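Have the viewer ready and follow along.

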Amino acid sequence: MRLHLLALLAKEPAHGYELKQALEQTFGAAYPSPNIGQIYVTLARLEKDGLVRAVDVEQSNRPNKKVYYLTATGREALTTWVEEPTEGPRVRDEFYMKLVLAPLTGIADRMALISRQRRHYLGLMRELNEVMERSESAVARLLVEGAMLHLQADLDWLERCQEELC
């Protein structure tokens, strides 16, 4: 969440609730709604690390609020994040480790593991379809579509595992 908040602050200074709303408006139901407490904890860490600075802003009928600004160091960290490639496929897949090792112990059958994982992926796919139907923004729909494509690839891979190992 650190870099997500830095990206929003690069656009304009904001306080915690504005950042929460910006994340929700940008990604909609496609991205889990952030916990406001986590946002403020993260902002405090970012401030401690010199990536943002906070300014108390007086309000007439309310307590003062802290508005956060991106620092030059924060902008550098954000630029580095944006310019670095994102991790690619995972080779150390947790399910695959179960699939290979659990049958060796006698506590699991490969076909049962594949079937359970397939049901789980199909359930996730149904949930994502529902989120897609409710998504109003192109940003949210693309995020969901990417997750659905990854899930479909995982389902296809399960078929290959079943063909080769069962």
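Before the first entry, a term I rely on: helices here are DSSP runs of H or I with at least four residues, numbered from the N terminus. With that numbering, I placed Ser33 in the loop between helix 2 and helix 3. I also note that this is a predicted model.

**Entry: Ser33**

I asked which residues Ser33 touches once those up to four places away in sequence are set aside. I found Lys20 and Glu24. Both contacts have a polar side to them. The side chain of Ser33 meets the side chain of Lys20 in a polar contact of 3.0 Å. With the side chain of Glu24, Ser33 makes a polar contact at 2.4 Å. I then looked up a distance to Thr105, which is 72 residues from Ser33 in sequence. Their C-alpha atoms are 40 Å apart.

**Entry: His15**

I went to the loop between helix 1 and helix 2 (16-27), where His15 sits. Is His15 buried or exposed? I read a relative accessible area of 13% for His15, and buried means under 20%, so His15 is buried. Beyond four places in sequence, His15 is in contact with Tyr40, Lys65, Lys66, Val67 and Tyr68.

**Entry: helix 1 against helix 3**

Next I looked at how helix 1 (residues 2-11) packs with helix 3 (residues 36-48). I noted an angle of about 80° and axes 10 Å apart. Angles of 65 to 115 degrees count as roughly perpendicular, so that is the label for helix 1 and helix 3. From helix 1, the contact draws on Arg2, Leu5, Leu6 and Leu9. Helix 3 brings Ile39, Thr42, Leu43, Arg45 and Leu46. By class, I have six nonpolar, one polar and two charged residues in this contact.

I stayed with Thr42, which is found in helix 3. Its relative accessibility is 4%, and so Thr42 counts as buried. With residues up to four places away left out, Thr42 touches Met1, Arg2 and Leu5.

**Entry: the nonpolar cores**

Which residues have the most contacts inside the largest nonpolar core? I wrote down Phe95, Leu99, Ile114, Val144 and Leu158, in a core of 17 residues. At least two residues of this core come from each of helix 5 (94-105), helix 6 (110-134) and helix 7 (138-165). Helix 7 has the largest share, with seven residues. For Val144, I listed contacts with Ala30, Leu128, Val131, Met132 and Ser135, not counting residues up to four places away in sequence. There is also a second, separate core of 16 residues, which includes Leu6, Leu8, Leu19 and Leu23.

**Entry: Arg110**

My last stop was Arg110, in helix 6. Arg110 has 22% relative accessibility, so I file Arg110 as partly exposed. Leaving aside neighbours within four places in sequence, I found Arg110 in contact with Leu99, Val100, Pro103, Leu165 and Cys166. One of these, Leu99, also takes part through its backbone: the backbone oxygen of Leu99 is 3.0 Å from a polar atom of the Arg110 side chain. I checked Gln162 too, which is 52 residues from Arg110 along the chain. The C-alpha atoms of Arg110 and Gln162 are separated by 8.1 Å.

Key: Residues are numbered from 1 along each chain as its sequence is written. This is a predicted model: local features need pLDDT of at least 70, side-chain atom pairs count only at pLDDT 80 or more; totals for chains, interfaces and linings use all residues. Side-chain values use heavy atoms; hydrogens and water are left out. Axes are lines fitted to C-alpha atoms, for helices over the stretch in contact, and angles run from 0 to 180 degrees between N-to-C directions. Angles under 35 degrees count as roughly parallel, over 145 as roughly antiparallel, 65 to 115 as roughly perpendicular and the rest as oblique. Contact means heavy atoms within 4.5 Å. Ala, Val, Leu, Ile, Met, Phe, Trp, Tyr, Cys and Pro count as nonpolar, Asp, Glu, Lys and Arg as charged, and the others, Gly among them, as polar. Buried means under 20% relative accessible area, exposed over 50%, partly exposed in between (1.4 Å probe, protein chains only). A nonpolar core is a set of buried Ala, Val, Leu, Ile, Met, Phe, Trp, Tyr and Cys residues joined through side-chain atoms within 4.5 Å. A polar contact is a pair of N or O atoms within 3.5 Å; within protein, one must be able to donate a hydrogen and the other to accept it, and residues adjacent in sequence count only if both atoms are side-chain atoms.
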